[in-house]
Amino acid sequence: MGNEEDRELTLEELRARIRVAGVTIAENRLAMVRKLLSDALAPVRALASRPRTTVEPAVTFSPRREARDE
Amino acid sequence: MSDEIAYATIRELGTRYRRRELSPVEVTRALLARIEKVDTALRAFVTLTTDRALAEARAAEEALRRGDTRPLLGIPVAHKDIYLTRGVRTTAGSALLADFIPDEDATCVRRWQEAGTVFLGKLMTHEFAFGIQRPGHRFPPARNPWNLDHIPGGSSSGSGAALAAGLVVGATGSDTGGSIRGPAAFCGIVGLKPTYGRVSRAGVLTLSWTLDHTGPMARTVEDCAYLLQAMAGHDPADPASSRAPVDDYLAPLGHDVRGLRIGVPRAYFFEGIDPEVERAFEEALETLRGLGAQVRDVEVPSFGATPSFLLIMMAEAFAYHERDIRQHPELYGDVLRERILTGALVTAAEYVQAQRLRAEICRETAEVLRQVDILATPTTTKPATPFTLAQDPEFGFPRSNMPPFNVTGLPTLALPCGFTASGLPLSLQLSGRPFEEGTVLRVGHAFERATTWHTRRPPV
């Protein structure tokens, strides 16, 4: 993963994402959106993905199954 | 109208109804009059259903005469305005749905109706349960009865404000990242986010499918238990609804907490904490120790990854709103529009990674909940935010102590545990194992009986 977790979302990267998504966000709001997305992305970027191959996404979420050995 | 009636509990009202000391019609009329008097300033209600409420109160009175013993019979309640109500406008606090009149009831609305409650009206919510309304919005936000210059929390803002002001006895809330517990904390009331799947979300407007919870809000733990009892249980109309048997939530109340193991995961939950919040929380732990609970620190390192829940929430919110927000962006408030559009910027890989982190948080939390019975944390790290800050365009999405329990789906109760020197409420958060709402309520009830915070009234 290298220093991926240290890499901040740049304004250029944010603008590219906005273009790809086809949405409009005012220029004077980009700093706030960048902060919001960067904070949420930080733990994901810190995730060492390959060594944790047994951790699968909780896309079908059940607290009982997750929390209990059944 | 006396505070005695405005702040009566479900048990007190039921007892007085059955002794013929008070009638549902009297109580309903009194609350409607109180709403008329104080809600111009509070704005807790979006829609009042006066005629229907009085008709239901009369029907309840008839049923009481026939000896009907349902505990919620004649109890005045109101619903957060994202719960669909047949024939009654459901706005989601949004211009988009300003005139939307559903032709069906949410399952929870129907279940409380069948339990004999009296429906007073619809309560303000942050827009689509995600964005506080800024000045100029079609639906102005509700205000905090303890101090009108502060927010009542969100998104179940009207529910929190109405309960604290003595306008309703019970209310529905929904909680995707803390929207039941935040208003409970800021308004000095009690809110329960049940286990994911315990209470149906059918007929409640979606914010995020895998994080949304529905649940009761009230002024006491016992009232929450009564209200949960009437709304819990399998619902085939909600794909996430659990078939786990429904417990008796009143039965554990009154049992002591001696020997119960309470874990305090300090890392994450104390970052940036206000000294008054911290002091109230430590005093709450002392109270629990005094009641015989074994309190000790525990570690759940993966809670630190909780902020990634926003990727899930925003991506799912965008998926839900995509068509409307692309076609009618002008019908979305500034705060909500920006948050939903940020969801469009989350890549598929990032969404999956956030769900993997979620699985890790669930696994670690489950490990800790084999060693302790309850996790105790401050519900919020700060008291209610002033409007001047919350409505500032530069005010970002605040870091919060509540999303860890949306991510894990654990049953979590917020209840009063103190006040700041300036008179704003503070709150204790108690979480338990999946489907062990009874244990959470039992601890909350024991704490409530040992303290008087829940008996304080705001200056309305």
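Tyr268(B) is partly exposed, with 18 other C-beta atoms within 10 Å. The model is predicted. Two chains meet in it, with 37 residues of chain B in contact with 29 residues of chain A.

**Backbone angles in chain B**

- Tyr268(B) lies in helix H9 (residues 266–269) of chain B. Although Tyr268(B) is not a glycine, its phi is positive, about 80°.
- Phe128(B) is another residue other than glycine with a positive phi, in this case near 45°. Phe128(B) sits in the loop between E3 and H6 of chain B.
- Phe128(B) counts as buried because it has 26 C-beta neighbours inside 10 Å, and the cut-off for burial is 20 or more. Tyr268(B), with 18, is partly exposed because that number falls between the limits of 12 or fewer for exposed and 20 or more for buried.
- The peptide bond that joins Gly154(B) and Ser155(B) is cis, with omega about 10°. Ser155(B) belongs to the loop between strand E3 (118–123) and helix H6 (157–164) of chain B.

**Contact between the chains**

- On the chain B side, 37 residues are in contact with 29 residues of chain A. The elements of chain B that give two or more residues to this side are helix H11 (309–327), helix H12 (334–343) and helix H13 (348–371).
- H13(B) gives the most, with 14 residues.
- By residue type, the side of chain B that touches chain A divides into 20 nonpolar, nine polar and eight charged residues.

**Helix H11 of chain B**

- H11(B) has 19 residues and reaches 27 Å from its first C-alpha to its last, close to the 27 Å expected at 1.5 Å a residue.
- A kink of about 70° is centred on His321(B) in H11(B). His321(B) is also one of the buried residues of this helix.
- Other buried residues of H11(B) include Phe309(B), Leu310(B), Leu311(B), Ile312(B), Met313(B), Met314(B), Ala315(B), Glu316(B), Ala317(B), Phe318(B) and Ile325(B).
- Both chains take part in covering the buried residues of H11(B): the cover includes helix H2 (30–45) of chain A, together with H12, H13 and helix H15 (404–407) of chain B.

**Strand E5 of chain B**

- In a regular strand the side chains alternate between the two faces of the sheet.
- In strand E5 (residues 190–193) of chain B, Val190(B) and Leu192(B) point one way, Gly191(B) and Lys193(B) point the other way, and all are buried.
- E5(B) runs antiparallel to strand E6 (residues 213–218) of chain B and is joined to it by two bridges. The partner of Gly191(B) in E6(B) is Met217(B).
- E5(B) also runs antiparallel to strand E10 (residues 412–419) of chain B, with three bridges between them. Here the partner of Gly191(B) is Ala414(B).

**Confidence in chain A**

- The pLDDT of chain A averages 80, and 70% of the residues score at least 70.
- Over residues 66–70 of chain A, pLDDT stays under 50. For this stretch the model has 13 contacts beyond four places in sequence.

Key. Residues are numbered from 1 along each chain as its sequence is written. Chains are lettered from A and ligands numbered from 1 in the order in which they are written. Two residues are in contact if their C-beta atoms, placed from the backbone, lie within 7 Å. Helices (H or I, at least four residues) and strands (E, at least two) are DSSP runs, numbered from the N terminus. Ala, Val, Leu, Ile, Met, Phe, Trp, Tyr, Cys and Pro count as nonpolar, Asp, Glu, Lys and Arg as charged, and the others, Gly among them, as polar. The expected span of a helix is 1.5 Å times one less than its number of residues. The bend at a residue is the angle between axes fitted to the seven residues ending there and the seven starting there. Two strands pair if DSSP finds at least two bridges between them. pLDDT is the predictor's confidence in each residue, from 0 to 100.
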